[in-house]
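Hi,

Here is the structure I promised to pass on.

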Amino acid sequence: MFKTSVFFASLLSVLPFLSAAAGELRLPAAPASVEVPAASPADMDTIGLVLDYDEVYAALKFYSDIVFVSPQGSPQYLEAAAAGQYLRARLESLGRAIETATGRPFSGATRTRARVSFRISSELGDVFGFHGGTAVRETRSVPIKDGYCKINYVKNNVPFLVQSDSFLKKGEVILTFDDGPGPLTEEVSASMKEGNAPSVFFVLGSKLGAAGRARVAKAAADGHEIAVHGYWHATENGKPFTNMTTGKIVEQLGGVKSSIAAAAGRKPVFFRPPYGIITPDALLALDSELNLVPVGWTIDTLDWSTKNPDELFEKTIALIKQRGKGIVLMHDIHDQSRLASKRLVSWLSDNGYTVVSPERMTKAYRGE
Ligand SMILES: [Zn+2]
């Protein structure tokens with residue numbers, strides 16, 4: 001009885017989706033004399049996926065709102081930014097699963113809820129060691145390099161990389177793109193080249209198959225830096241590096257560094273931890289053993305939180321105008337980011353900003 005009512009409540013909540021997709025989900029070529037069940041097992045699976053999608057989408061909106069109103073580097077900002085990055089990846093895999101199940105493009109959730117469900121909240125607790133949606137207090141801070149970066153520990157001792165851009169002058173910007181290479185990387189790379197904007201692409205080793213290697217080679221040839229993000233993001237199950245030993249992280253990222261060097265034709269010099277989560281020990285070991293310079297960000301475009309390229313562009317230039325300079329974080333795996341970044345480079349040069357060489361970060365970090 002309980003299950004039935006839950007099912008019907010669920011069904012009601014996805015009616016708009018079902019009415020749109022019903023044509024595609026109907027069993028083909030059923031003889032007229034055979035009664036077709038109202039909901040086939042495939043429909044039921046799809047309903048579950050859509051409900052999951054809806055819930056994750058609502059949580060994503062919740063966290064992007066927190067990120068947008070919180071000061072860079074504040075505990076609330078760090079937690080919400082990490083949660084948002086994680087939920088964005090979950091949302092994409094759910095979207096792909098729905099498309100596979102229905103055989104048609106899926107455009108996303110049609111409604112939002114105001115709060116994060118208990119289920120999502122405990123999932124975030126399992127992944128990050130914190131439970132989202134509540135205020136956090138910073139407990140301690142470990143300097144890595146004064147004036148360049150530090151590690152802030154927040155609730156439950158989760159260590160976040162906090163970047164400084166005090167080495168940049170007003171009007172100077174560094175552009176970075178994470179989580180590729182992917183089908184959009186080549187176009188983003190070409191647009192940045194055209195806009196005289198040498199950028200950093202923080203890539204995942206798991207995406208460096210034949211196609212990925214070719215994309216990375218092209219981006220390097222366009223004059224960009226190819227850098228280490230992880231093999232996975234950061235573990236195979238989407239958990240941060242705090243779930244791996246320092247030895248294992250160095251070993252795994254050593255492999256990614258070699259793959260990038262082989263594909264791009266030169267050794268990567270930068271590293272950015274997925275979600276910004278990394279311990280001081282691991283960060284320092286990656287420097288001493290792999291010679292990798294840590295890179296965070298100081299302008300978070302929240303490109304994962306909108307599908308609208310115009311909205312993303314407006315938000316991004318507002319953030320840049322407000323700060324006057326900074327290390328900009330985007331992802332070259334989203335169509336909205338491909339379009340917004342193209343507009344952004346023109347806007348930057350038209351408005352007196354300079355995209356400076358990523359080498360400035362190496363110099364600031366090494367104290368040169
Ligand atoms: Zn990432």
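Let's start with a strand pair: in β6, Glu225 is the bridge partner of Val200. The chain gets from β5 to β6 through helix α7 (residues 210-221), and this β-α-β crossover is right-handed (with the strands pointing away from the viewer, the path from the first strand over the helix to the second runs clockwise). Strands β5 (residues 200-204) and β6 pair in the parallel sense over five bridges; two strands pair if DSSP finds at least two bridges between them. β6 (residues 225-230) is mostly covered, with six of its six residues buried. Buried means 20 or more other C-beta atoms within 10 Å of a residue's own, exposed means 12 or fewer, and partly exposed is in between, with C-beta atoms placed from the backbone. Helices (H or I, at least four residues) and strands (E, at least two) are DSSP runs, numbered from the N terminus.

Before you go on, two points on how to read this. Residues are numbered from 1 along each chain as its sequence is written. This is a predicted model, where local features need pLDDT of at least 70 and side-chain atom pairs count only at pLDDT 80 or more, while totals for chains, interfaces and linings use all residues.

Next, a helix pair. The axes of α8 (residues 246-264) and α9 (residues 280-290) come within 10 Å and cross at roughly 45°; axes are lines fitted to C-alpha atoms, for helices over the stretch in contact, and angles run from 0 to 180 degrees between N-to-C directions. α8 and α9 are therefore oblique to each other (under 35 degrees counts as roughly parallel, over 145 as roughly antiparallel, 65 to 115 as roughly perpendicular and the rest as oblique).

The peptide bond from Gly180 to Pro181 is cis, with omega near 0°, and Pro181 sits in the loop between β4 (172-180) and α6 (185-194). Another cis peptide bond joins His233 and Ala234, with omega about -15°; Ala234 lies in the loop between β6 and α8.

Asn156 is partly exposed, because 14 other C-beta atoms lie within 10 Å. Asn157 is also found in the loop between β2 and β3, with phi near 60°, and is exposed, with 12 other C-beta atoms within 10 Å.

Cheers
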